[in-house]
Number of protein chains: 2
Amino acid sequence: MSERILAGTLSEKNIDQEVTLKGWVQRRRDLGGLIFIDLRDKSGLVQVVFNPDRSPEALQIAETVRSEYVIEIHGQVVARDPDTVNPALETGKIEVLATQAYILNKAKTPPFLIQEETDVAEDLRLKYRYIDLRRQSLQETFKMRHQIIQAVRDFLNDDGFIEMETPILTKSTPEGARDYLVPSRVHNGEFYALPQSPQLFKQLIMMSGFEKYYQIARCFRDEDLRADRQPEFTQIDIETSFMTSDAIMDMTEKMMTSVMKKVKGVDLPRPFPKMSYDEAMERFGSDKPDTRFGMELIQVSDILADSSFKVFSDALNAGGKVSLLNVKGQAANYSRKAIDKLTEFVKIYGAKGLAWLKADEGDLSGPIAKFLTDEEKKGLIRRGEVEDGDLLLFGADAKLSIVHDSLGALRLKLGNELGLIDDNKFHFLWVTDWPLLEYDEDLERYFAAHHPFTKPVEEDLAKLDTNPEDVRANAYDLVLNGYELGGGSLRNYKKEQQDKMFKVLGFSKEAAEEQFGFLLEALEYGAPPHGGIAMGLDRIVMILAGRSNLRDTILFPKTASASDLLTDAPGTVSKAQLDELSIQIREEK
Amino acid sequence: MSERILAGTLSEKNIDQEVTLKGWVQRRRDLGGLIFIDLRDKSGLVQVVFNPDRSPEALQIAETVRSEYVIEIHGQVVARDPDTVNPALETGKIEVLATQAYILNKAKTPPFLIQEETDVAEDLRLKYRYIDLRRQSLQETFKMRHQIIQAVRDFLNDDGFIEMETPILTKSTPEGARDYLVPSRVHNGEFYALPQSPQLFKQLIMMSGFEKYYQIARCFRDEDLRADRQPEFTQIDIETSFMTSDAIMDMTEKMMTSVMKKVKGVDLPRPFPKMSYDEAMERFGSDKPDTRFGMELIQVSDILADSSFKVFSDALNAGGKVSLLNVKGQAANYSRKAIDKLTEFVKIYGAKGLAWLKADEGDLSGPIAKFLTDEEKKGLIRRGEVEDGDLLLFGADAKLSIVHDSLGALRLKLGNELGLIDDNKFHFLWVTDWPLLEYDEDLERYFAAHHPFTKPVEEDLAKLDTNPEDVRANAYDLVLNGYELGGGSLRNYKKEQQDKMFKVLGFSKEAAEEQFGFLLEALEYGAPPHGGIAMGLDRIVMILAGRSNLRDTILFPKTASASDLLTDAPGTVSKAQLDELSIQIREEK
């Protein structure tokens with residue numbers, strides 16, 4: 001008996017060869033006394049023919065076979081008749097003439113068809129995930145996920161990094177997102193927490209003298225879920241000693257270009273562009289700009305400084321700004337009604353309205369045109385490079401963030417609607433010079449914009465006491481096509497720096513000690529300058545595989561209510577299990 | 001300024017070169033107006049000399065430097081005087097003459113010296129793990145761990161496997177060890193469990209059509225800990241479809257020989273020897289025999305069938321056995337007192353005593369000699385290949401397991417004591433033909449010897465109803481130097497087989513459905529024949545790195561009470577955190 005061969009590898013070079021195939025019945029057709037089966041395995045499909053002249057026994061078995069049966073076929077590779085060649089199939093020039101057939105396992109009728117175009121509810125597909133995963137596009141997504149991970153590893157291994165494993169059962173650190181907790185049986189009343197990231201451990205690894213660490217690390221956040229979040233996710237986690245932020249960015253770029261080359265066959269230019277956080281907000285209204293298309297936000301506050309239009313003047317007088325989007329050549333395509341819809345859209349982002357103008361015969365018209373002087377109109381036309389037929393949309397607010405957020409979102413929406421975005425482009429971008437701190441007006445305290453271990457920019461240090469909101473962080477985010485792939489920073493490696501940071505964040509000495517005492521102590525025993533980066537692997541896979549949903553990149557994902565519909569987790573446990581842990585369920589609530 | 005160079009890479013070829021070094025002060029010595037610093041980084045050590053003639057400024061800084069300070073040095077590589085060459089140091093023929101020095105970070109006096117030979121209590125070293133990890137041998141262990149993992153990956157990637165990630169937040173399955181539980185916030189009163197292994201998920205991956213899966217998988221067991229157990233551990237987890245157990249063993253051997261070649265430079269012969277479970281127990285008294293030395297158990301029941309020595313006859317009449325160890329040439333070295341100690345030792349394993357004989361002048365002497373006929377003595381001498389000066393130690397019991405366990409343990413103890421074991425040997429061995437089931441006399445039910453998903457040997461199937469204890473499993477364990485590296489099996493892929501297995505294990509239809517319904521259902525939708533293996537990575541690292549303790553192979557290990565002494569996990573959490581999870585701590589107990 002010949003050794004098993006993979007169905008998808010067969011071609012004309014195998015003609016006349018005796019082969020053994022094992023796999024699934026994708027489809028069976030009975031035609032003129034013959035039976036045709038598309039046999040599927042991990043490599044692809046091949047057509048198997050059962051012919052009563054060749055093997056009535058095999059034909060008899062084929063008659064009992066249905067979709068998703070697991071079968072073993074012995075047969076001979078033959079050329080197809082020219083008129084039955086299937087150009088849509090890799091193996092379409094040949095077929096296998098069965099001489100023997102065996103049923104390895106039967107299958108009930110699957111709850112849904114295994115095909116790419118499907119309107120089957122996702123809940124049903126998640127319950128039968130092992131059937132959904134047989135779809136070719138999901139098979140390919142997970143092969144690509146594997147390729148991406150290996151490309152990352154190959155690069156980092158060659159660059160002198162070592163892969164290390166940090167604990168999953170760790171200590172709860174309430175700063176940050178919500179922890180998943182694990183009750184301890186040995187220490188009753190105490191809990192482990194699942195790590196939100198290996199942040200502190202990777203810093204300790206630097207203090208252990210390893211200098212170049214990475215991990216494809218599982219992380220956990222007990223947050224309310226959206227389409228782009230999962231309770232457990234995977235990040236490419238990197239930390240280095242003695243490297244500058246430029247060197248870390250440079251290394252990361254090399255890693256990502258190597259991944260793009262190996263996985264997508266794309267040669268990307270380096271260095272990647274860098275843009276400050278402020279510039280990204282001003283030009284794109286986003287801290288993760290999609291630079292695959294233009295239509296940038298254009299700041300026109302100075303032009304409208306003396307505007308008689310109340311919306312503009314109120315915004316400017318209150319210290320706000322006015323920016324515009326020039327939607328090139330779309331004036332005729334956007335009716336008043338269509339613009340009303342855009343107005344509703346920007347209101348989601350806190351905008352009070354959406355002023356607009358249309359350009360025609362070298363002039364600007366529209367409801368607010370009458371409030372503008374000729375000088376102002378000329379200024380707008382010049383600054384906005386406005387031509388006849390353009391549509392101008394204005395954002396104006398006392399709060400800069402509302403102008404940025406609303407116009408940034410509107411830009412993306414229009415970019416998509418107008419087909420301005422080329423899906424085949426991969427635009428990487430560094431966003432740098434992040435603010436170190438964010439002020440929470442409700443809680444009346446500062447929070448770390450990245451995390452409390454980020455090192456401030458040296459020259460801004462003096463401002464920590466006077467105007468903390470102006471202090472920049474030694475932090476950098478990597479953006480691809482408008483998605484944040486990840487971010488990193490240099491860390492505080494001197495104890496005084498870290499003490500100071502906790503103080504600014506409102507920690508008492510005791511609270512800092514209680515939660516992070518081990519890190520503060522470690523900083524005193526020879527901590528090297530260090531920094532790193534962490535990147536969301538699931539998101540990288542999503543973008544490179546062209547999927548629209550993070551769940552498609554995770555083998556056994558959870559739903560928006562953090563359930564696994566396949567195994568039915570979470571579930572109830574026995575009282576004996578809880579007793580051992582000395583916990584009980586609170587009945588009220 | 002020159003780019004940083006790694007200290008341990010410097011040699012005579014760098015003489016006259018200007019270099020920049022960054023690292024830790026391993027040691028400072030002041031000698032005749034000069035200062036010598038051993039600078040350590042991840043690559044090794046180099047000696048830096050501070051000379052007032054060359055740079056009084058650098059010397060001044062060196063004067064303030066202490067052990068574990070992090071420093072940056074600019075200097076020139078120079079040859080050492082022939083009489084100061086240090087052959088113990090890789091870089092011992094050169095030194096670096098400092099021209100500039102910078103203190104990057106200070107260090108308090110470490111709580112213990114960073115040196116290999118240490119009697120510092122392990123608890124203190126675990127609390128300051130980041131200092132202990134700076135020891136060279138631990139640095140090398142984790143580099144080797146990295147190499148082992150990458151060698152495994154390289155092999156499996158080349159062999160067509162794809163690496164996949166299974167969930168950490170899964171469903172509790174009480175069969176097996178104790179689960180770590182994670183309370184759900186969204187589904188109050190319900191719990192996730194951390195996986196004891198990805199067993200069910202990897203089977204589902206086969207049902208998803210991927211055919212060749214692997215993962216370097218974190219696993220969790222909430223068991224009482226011993227020196228060779230940790231609450232979280234890592235296994236090399238593999239599953240395949242359509243492969244026979246021989247093919248899986250063959251693939252595993254190729255993987256392990258590739259690891260041994262790449263990591264240890266050792267060429268191992270293949271195929272690895274195979275031994276049935278029964279043979280392993282009879283010959284070595286162990287299901288994981290250390291075959292690096294002989295001194296096998298010799299079965300002598302038939303020779304002593306009519307023995308007048310009551311211990312032997314009682315054991316044999318009750319269906320038991322008598323075996324002996326021939327401790328070659330050691331008769332003179334074991335006094336009655338020394339043998340008494342061995343007797344105490346075997347009692348740990350349930351033996352009632354330890355009969356013994358010594359060989360001299362072609363005869364056997366000792367307290368039990370008078371009970372033996374000449375015929376019996378001759379039989380023992382012939383069977384045991386006994387020569388003058390040999391010491392014979394007997395195990396006799398109605399229970400075979402007591403004879404095996406006690407003599408097996410005694411064999412290992414004596415093998416170590418007598419220096420019979422060559423530490424440079426690597427003896428791999430497959431143990432096969434395991435029993436499928438074990439009977440628990442207290443609970444009066446059968447348990448799965450491996451796990452409930454193991455496929456019985458086809459020809460034993462009929463015995464499942466009549467004498468289940470005689471049914472063999474399609475299972476195989478890989479043993480190295482007396483350690484179980486891991487094991488695997490073919491799995492039940494037909495629903496009827498799995499139903500039957502649950503029935504034999506005493507599961508009601510409802511209980512099987514409740515716990516494993518999703519797997520039983522998946523078996524009905526086209527499950528391919530499949531099987532795999534899982535191997536303990538931590539243990540492999542321990543053996544290959546020559547460590548005696550699993551904790552040395554895990555970066556941030558936990559103590560015997562499952563505590564992390566560095567971060568002080570587990571710890572208390574806030575009432576608010578528990579309230580969100582709707583759980584509370586039971587005060588009583």
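Here are a few questions and answers about the cysteines and the chain interface in this predicted model.

Reader: Is C219(B) buried or exposed?
Author: Buried means under 20% relative accessible area. C219(B) falls under that cut-off, so it counts as buried, and its relative accessible area is 0%.

Reader: What area do chain B and chain A bury between them?
Author: On chain B, 121 residues are in contact with 122 residues of chain A. Of the area buried between the two chains, 56% is on carbon and sulfur atoms. The total comes to about 10800 Å².

Reader: Which residue of chain B forms a salt bridge with R145(A)?
Author: Between chain B and chain A the count is 18 salt bridges. In the one formed by R145(A), the closest N and O atoms are 2.6 Å apart, and the partner is E165(B).

Reader: Which helix gives the largest share of the side of chain B that touches chain A?
Author: Across this interface, 69 residue pairs are in polar contact, both residues at pLDDT 80 or more. On the chain B side, the largest share is nine residues, from residues 136–158, which form helix α4.

Reader: How many residues on that side of chain B are charged?
Author: The side of chain B that touches chain A has 57 nonpolar residues and 28 polar ones. The charged residues there number 36.

How values were computed. Residues numbered from 1 in each chain as written. Chains lettered and ligands numbered in written order. Predicted model: local features only at pLDDT ≥ 70, side-chain atom pairs only at ≥ 80, totals over all residues. Heavy atoms only, no water. Buried < 20%, exposed > 50% of the residue type's maximum accessible area, 1.4 Å probe, protein only. Contact = heavy atoms within 4.5 Å. Buried area = accessible area lost by both parts, 1.4 Å probe. Salt bridge = Lys/Arg side-chain N within 4 Å of Asp/Glu carboxyl O. Polar contact = N/O pair within 3.5 Å; in protein donor to acceptor, adjacent residues only side chain to side chain. Helix = DSSP H or I, 4+ residues; strand = E, 2+ residues; numbered from the N terminus. Nonpolar A, V, L, I, M, F, W, Y, C, P; charged D, E, K, R; others polar.
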